[in-house]
Amino acid sequence: MARTFPAVIVKGILESGKTTFIVDSLKNGDFGDIGRVLILSTEEGEVEYNPAELAKLNAVYYSFDTPEDFTVEKINDLIRVNKPHALFIEENAMWDWNEIKLPPYVVVEQVFTIIDASTFKVYFNNMRQKFQDIVGASGIVIMNRCEETPEMAGYKRSLKLINKDAYYITLDADGNPVSFVEELPYKIADEMKISDDDFGIFYIDTFDNRSRYEGKIVEFDCMTVTSKNLPENTFVAGRLAMTCCANDIQLIGHLCGYNAPVKIKNKGWVHLRARVHYLSENENDEPQIVLELLRMNEIPEIENPVVSLQ
């Protein structure tokens with residue numbers, strides 16, 4: 001098969017709304033006129049595909065029972081028989097997709113993750129590694145069945161710690177967009193002091209709300225991390241964060257630049273005062289936050305070095 005087939009992957013825990021998302025997307029023409037669609041479904045949830053309804057949408061589906069059935073040879077056969085123009089792959093979150101291969105001519109164009117906000121807390125607390133897997137590779141994350149509760153902001157921050165580059169959409173039970181105005185634990189001002197407990201919230205908010213921080217001065221305690229791969233006269237000012245479990249600790253932080261000679265200790269701790277800038281290498285790049293070092297002094301390691309986003 002010389003031609004390529006674009007594919008959309010839809011991830012999510014069972015009954016999060018993946019099937020509904022795929023069918024509604026086809027009904028609404030969200031992906032434009034993509035021609036005949038082959039849906040590869042790897043689990044059966046509460047909502048089932050209706051073959052007659054799919055036929056009206058120029059779509060057909062095939063269900064796989066086990067990972068062993070989901071083979072390159074089987075996909076080849078399904079494409080040969082159904083002659084689709086594009087594929088939708090509804091992934092079973094319990095399968096190990098690192099071990100599953102797609103035909104080389106199937107090109108993944110977009111990855112969605114669908115999350116049911118009403119069951120998020122229970123699943124996330126007990127299956128964090130699965131959320132790491134399904135959210136980490138996604139370009140768009142849709143949280144449906146959202147209610148305006150104080151916990152929602154914490155849910156979103158937890159997901160953004162896994163994948164800050166994804167685009168997040170929040171919908172209510174009727175599928176209408178909803179937004180949540182979060183009250184920050186610190187006051188936005190020309191100069192801000194960020195407490196140890198609030199660093200995670202500050203870190204995520206700097207990506208979501210650039211106008212709040214551009215040109216402002218911030219102070220916080222942080223770890224200093226150096227690397228030969230960083231630009232000259234820079235280091236990372238950050239903290240450790242647990243994304244899914246105690247064995248999965250990662251560094252989160254911002255690049256900090258300095259002009260005057262400064263001795264930076266790798267994995268040292270400092271109290272830092274800096275000015276916030278958002279810079280990009282060219283006009284087509286997304287601006288990235290860079291801190292301009294104003295002052296810092298060494299401190300002992302703080303009591304709780306791992307940040308919390310809840």
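Which element gives the largest share of the lining of the second largest pocket? Hold that thought while we get our bearings. What you're looking at is a predicted model, and its protein chain has 310 residues, of which 45% count as buried. The chain is built from 8 helices and 14 strands. If you follow the C-alpha trace along its principal axes, it spans about 70 × 45 × 40 Å. Now take the contacts between residues at least 6 apart in sequence: 71% of them join residues at least 24 apart.

Back to the opening question. The answer is α1, which supplies 5 residues of that lining. You'll find α1 at residues 18-28, and β6 (140-144) also gives at least two residues to the lining of the second largest pocket. This pocket has a volume of about 310 Å³. Its lining is made of 17 residues, and the closest to its centre are Thr 20, Phe 21, Asp 24, Asn 144 and Leu 171. Sorted by class, the lining has 5 nonpolar, 7 polar and 5 charged residues.

Next, turn to the largest pocket, with about 770 Å³ of space. Look for Lys 156, Lys 160, Phe 207, Asp 208 and Asn 209, which lie nearest its centre among the 30 residues lining it. Several elements give two or more residues to this lining: the helices α6 (151-162), α7 (199-208) and α8 (210-213), together with the strands β7 (167-170) and β13 (288-298). By class, the lining of the largest pocket divides into 15 nonpolar, 4 polar and 11 charged residues.

A search of the whole structure turns up 1 cavity of 30 Å³ or more, and the volume of the largest cavity is about 60 Å³. Who lines it? Among the lining residues are Ile 13, Leu 14, Asp 116, Phe 120 and Tyr 123. The strand β5 (106-116) and the helix α4 (120-126) each give at least two residues to the lining, with β5 providing the largest share, 3 residues. In this lining, 7 residues are nonpolar, 2 are polar and 1 is charged.

The largest nonpolar core has 30 residues, and Phe 220, Leu 272 and Leu 291 have the most contacts inside it. At least two residues of this core come from each of α7, β9 (217-225), β10 (234-242), β11 (249-257), β12 (268-279) and β13. Zoom in on Leu 272: leaving aside neighbours within four places in sequence, its contacts include Val 218, Phe 220, Cys 222, Phe 235, Cys 256 and Leu 291. Elsewhere, a second, separate core has 20 residues, including Ile 134, Val 141, Met 152 and Leu 159.

Finally, a word about the cysteines. A disulfide is a covalent bond between the sulfur atoms of two cysteines. How many disulfides does this structure hold? It holds 0. To count as a disulfide, the sulfur atoms would have to be within 2.5 Å. Is Cys 222 buried or exposed? Cys 222 counts as buried because its relative accessibility is 0%. Cys 146 counts as buried too, with a relative accessibility of 7%, since the cut-off for buried is under 20%.

Conventions
Residues numbered from 1 in each chain as written. Predicted model: local features only at pLDDT ≥ 70, side-chain atom pairs only at ≥ 80, totals over all residues. Heavy atoms only, no water. Buried < 20%, exposed > 50% of the residue type's maximum accessible area, 1.4 Å probe, protein only. 1 Å grid on protein atoms, 1.4 Å probe; cavity = no way out; pocket = protein on both sides within 12 Å on 5 of 7 lines; lining within 4 Å. Points joined across faces, edges and corners; volume = space filled by probe spheres on them. Helix = DSSP H or I, 4+ residues; strand = E, 2+ residues; numbered from the N terminus. Nonpolar A, V, L, I, M, F, W, Y, C, P; charged D, E, K, R; others polar. Core = buried A, V, L, I, M, F, W, Y, C linked by side-chain atoms within 4.5 Å. Contact = heavy atoms within 4.5 Å.
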